[in-house]
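Subject: Handing over the model

Hello,

I am passing this structure on to you. Please open it first, then read my notes below.

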Amino acid sequence: MRLAAIDIGSNAARLLITEVVQDADGKDRFNKLNLVRVPLRLGFDVFETQTISPEKEEHIIKTIKAYRALIDVYGVTEYIACATSAMRDAKNAAPIIEHIKKDTGIEIKVISGDEEASFIYENHIAENLDKDHSYLYIDVGGGSTELTFFSDGQLVFKQSFNIGTIRLLKNQVEEKKWDEMKDFIRSKVKGFKEITCIGSGGNINKVFSMSKKKDGKPLPAELLKDYYKELSSFSVVDRMRIYNLREDRADVIVPALSIYVNVMRWADAKEIYVPKIGLADGLIHILYEKIKGEKRKK
């Protein structure tokens, strides 16, 4: 069975096409067939003007048309399409979503920050890790950061904060927002087992690649601090040249690191795993469970 997920974020839109197969033991395996990322950068409009410009609207429609073509060519059975922080904040999101549906047949659901946090957890990464730790998922996007905390296999909390990389670049995060996040984390994680973090988002994936660590090995919090200091010392142009980064990664990687470093410090976490999963992966799992549930009812 081939499934697709479209994630329209504040920095980029992603299309993930996955084939779900059963292995010899009857376990479901999720094999990525294709992942296409387009840096739409909706947050640059929305977080300043609360609207998506006509130019960006045209880019979104062209992107979704291309995604629709790929979905058809790959023979995808079912798909799911969601939009996050920028679309949540855009006053003209509804007519744009209607325009996309009319032009492409694809219906986009704008999800809340809490839903976003839940969907990222659907990857079930913590279930495969040892039970001697508590786990804090940190998903950093352009418009918001989602935190989901587990201990003894149980959900303790999920919370979304309007602190994201593009908002930080635009100087739109007041000090009190940081204080709210700090107070929330410190009060909620008190008394739990030692915390290990699980990071998702394009920036932490890039930092992991730069670290040359083997897959499955965590990054120490101290290393993230070192990268933050190092990358902060260069201009965006120099980051592109020295670290071979695209411009739409070079500008947001420093604010992203500031979020990861702060959250880990406030949670007193020493390391972070980077399983290279994100919202699109979680959406695929949600869609698959829905299809399985519908089959059982028949």
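Tyr137 has Thr148 in strand 7 as its bridge partner. Strand 6 (residues 134–140) and strand 7 (residues 145–151) run antiparallel, joined by 6 bridges. Helices (H or I, at least four residues) and strands (E, at least two) are DSSP runs, numbered from the N terminus. Strands pair if DSSP finds at least two bridges between them.

A word on the source. This is a predicted model, in which local features need pLDDT of at least 70 and side-chain atom pairs count only at pLDDT 80 or more, while totals for chains, interfaces and linings use all residues. Residues are numbered from 1 along each chain as its sequence is written, and side-chain values use heavy atoms, with hydrogens and water left out.

Six strands make up an open sheet with mixed pairing, in the order 8-7-6-9-11-10. Its edge strands are strand 8 (154–161) and strand 10 (219–220), each of which pairs on one side only. Helix 7 (residues 175–189) packs on this sheet. Helix 7 touches strand 7, strand 8 and strand 9 (195–200). Contact here means heavy atoms within 4.5 Å. The direction of helix 7 makes about 175° with that of strand 8. Axes are lines fitted to C-alpha atoms, for helices over the stretch in contact, and angles run from 0 to 180 degrees between N-to-C directions.

**Helix 7 and helix 12**

Helix 7 also meets helix 12 (residues 253–267). Their axes come within 8 Å and cross at roughly 35°. From helix 7 come Trp178, Met181, Lys182, Ile185, Arg186 and Val189. Helix 12 brings Ser258, Ile259, Asn262, Val263, Trp266 and Ala267. The contact residues divide into 8 nonpolar, 2 polar and 2 charged. Ala, Val, Leu, Ile, Met, Phe, Trp, Tyr, Cys and Pro count as nonpolar, Asp, Glu, Lys and Arg as charged, and the others, Gly among them, as polar.

Strand 1 (residues 2–8) and strand 2 (residues 13–22) run antiparallel, with 7 bridges. A hairpin of 4 residues joins them. Ala4 stands opposite Ile17. Strand 2 also pairs with strand 3 (residues 28–38), antiparallel, over 10 bridges. Leu15 faces Val36 across that pair. This second hairpin has 5 residues between its strands, and Gly26 in the turn has a positive phi of about 80°.

**Helix 13**

Does the length of helix 13 (residues 279–297) agree or disagree with what its residues should span? At 1.5 Å a residue, its 19 residues should span 27 Å, and the end C-alpha atoms are 27 Å apart, so the two agree. The expected span is 1.5 Å times one less than the number of residues. Buried residues in helix 13 include Leu279, Asp281, His285 and Tyr288. Buried means under 20% relative accessible area, exposed over 50%, partly exposed in between (1.4 Å probe, protein chains only). The buried residues pack against strand 1, strand 2, strand 3, strand 4 (78–83) and helix 5 (113–121).

**Two loop residues**

Thr84 lies in the loop between strand 4 and helix 3 (85–89). Thr84 counts as buried because its relative accessibility is 4%. Beyond neighbours within four places in sequence, its contacts include Asp7, Glu116 and Leu279.

Asp132 sits in the loop between helix 5 and strand 6. Asp132 is exposed, at 59% relative accessible area.

Best wishes
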